[in-house]
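Reader: I would like a close look at one part of this model. Please take me through it step by step.
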Amino acid sequence: MSSEVSADVEYMARALTLARRGLYTTDPNPRVGCVLVKDGEIVGEGWHERAGEPHAEIIAIKQAGDNARGATAYVTLEPCCHTGRTPPCTGALTEAGVIRVVAAMEDPNPLVAGKGLQSLRDGGVEVVSGVLKSQAESLNPGFVTRMRHQRPFIRVKLATSIDGKTAMANGESKWITGDAARADVQRLRARSSAILTGSGTVLSDDPSLNVRDLDIGRQPMRVIVDANLSTPETAKMLRLEGSTLIATASEDADQAEILVSAGAEVICLPAGPDKVDLSALMHHLAAQEVNEVLVEAGSTLCGSLIESALIDELVIYIAPHIMGHDARGMFRLPALEKMADRISLKITDVRAVGDDWRITAIPKHNAE
């Protein structure tokens, strides 16, 4: 590895570390970090914190001052070349005198998608792309999925006993896992744009589905899949900070109005009796700039999502308990009669979280 390539990797790794500081706050924008280097020294750093506030490049340029002239900029995402909530970063980089830009990945946003890098080249800036690309993409799975597939990245969280049960036969489920695992779930919620559940969970548990113990300056949208509008107007989440969206297949305008008056937004996505079109819901959420969806739901909705090939990642917390044959499972699916019908997963991470174990996996069709 040449010294220049080695330096590019080193400084890009630093830029990615900076970008992760915006893990909980940049939504709906991507998490981006920038490092300015001149004569082998870092002269400016920045990361994007919130939508509408300066991008990482602008913060790094301001910190560098006159030292930006003749510097190399390491950016985890291709600099923007269009005016959105803020002016384009490509112009700011060229005006500051940056002579080389190293980008981890091209921006999948069609408004940019290579145009930013070309704009820099046209301005006489040397451009390199693809340094630590996979790490940069993994930092923004929701933004990348939304731009490429017009739907959010869908992560399903499940808490289960060691025999694969998520609740007792009567629905009791508090608490399967320990304090450390529940704190870890709060971090998953904090990075999410929306938290999705089903009406059955609302009726049985009346959950809050909000971020607690972490001050991130916002609350993820709460989304209830409720085919028949059975969510009660007294549901706890309707009274909490943040918005609640109810997706239904019911055309009961009177009940919808009751829920709207209680604080919900209601959208109708008809897809046959007693069922909400989940793909249509995900496209709707993408149009609302929802990047990452965390699913905390029962076996029926989780089963429907996996049947529809809409799950990008599973995060399963396994507690050292046995709950017995009659307890409820993770997925309600049609009977699988042959081994060939199995839904295969690729495990990407296994680690202890307190007394429990966390397994992260992706459906195999997504891994190929």
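How much space lies in the second largest pocket?

Author: The model is predicted, so some limits apply: local features need pLDDT of at least 70, side-chain atom pairs count only at pLDDT 80 or more, and totals for chains, interfaces and linings use all residues. Residues are numbered from 1 along each chain as its sequence is written, and side-chain values use heavy atoms, without hydrogens and water.

The second largest pocket holds about 630 Å³ of space. A pocket is found on a 1 Å grid over the protein atoms alone; it is an open set of points where a 1.4 Å probe fits, with protein on both sides within 12 Å along at least five of seven lines. Its volume is the space filled by probe spheres set on the points, which are joined across faces, edges and corners.

Now the lining. Lining residues have an atom within 4 Å of a point. There are 22 of them here, and E137, S138, P141, F153 and E313 are the closest to the centre of the pocket.

Which elements supply them? At least two lining residues come from each of α5 (133-139), α6 (141-149), β6 (153-161) and α12 (364-367). Helices (H or I, at least four residues) and strands (E, at least two) are DSSP runs, numbered from the N terminus.

The lining has 6 nonpolar, 7 polar and 9 charged residues. Nonpolar covers Ala, Val, Leu, Ile, Met, Phe, Trp, Tyr, Cys and Pro; charged covers Asp, Glu, Lys and Arg; the others, Gly among them, are polar.

Two other spots deserve a glance. V35 sits in strand β1 (residues 33-38). V35 counts as buried because its relative accessibility is 0%; buried means under 20% relative accessible area, with a 1.4 Å probe and protein chains only. G263 follows α9 and has a positive phi, near 120 degrees.

Methods. Buried < 20%, exposed > 50% of the residue type's maximum accessible area, 1.4 Å probe, protein only.
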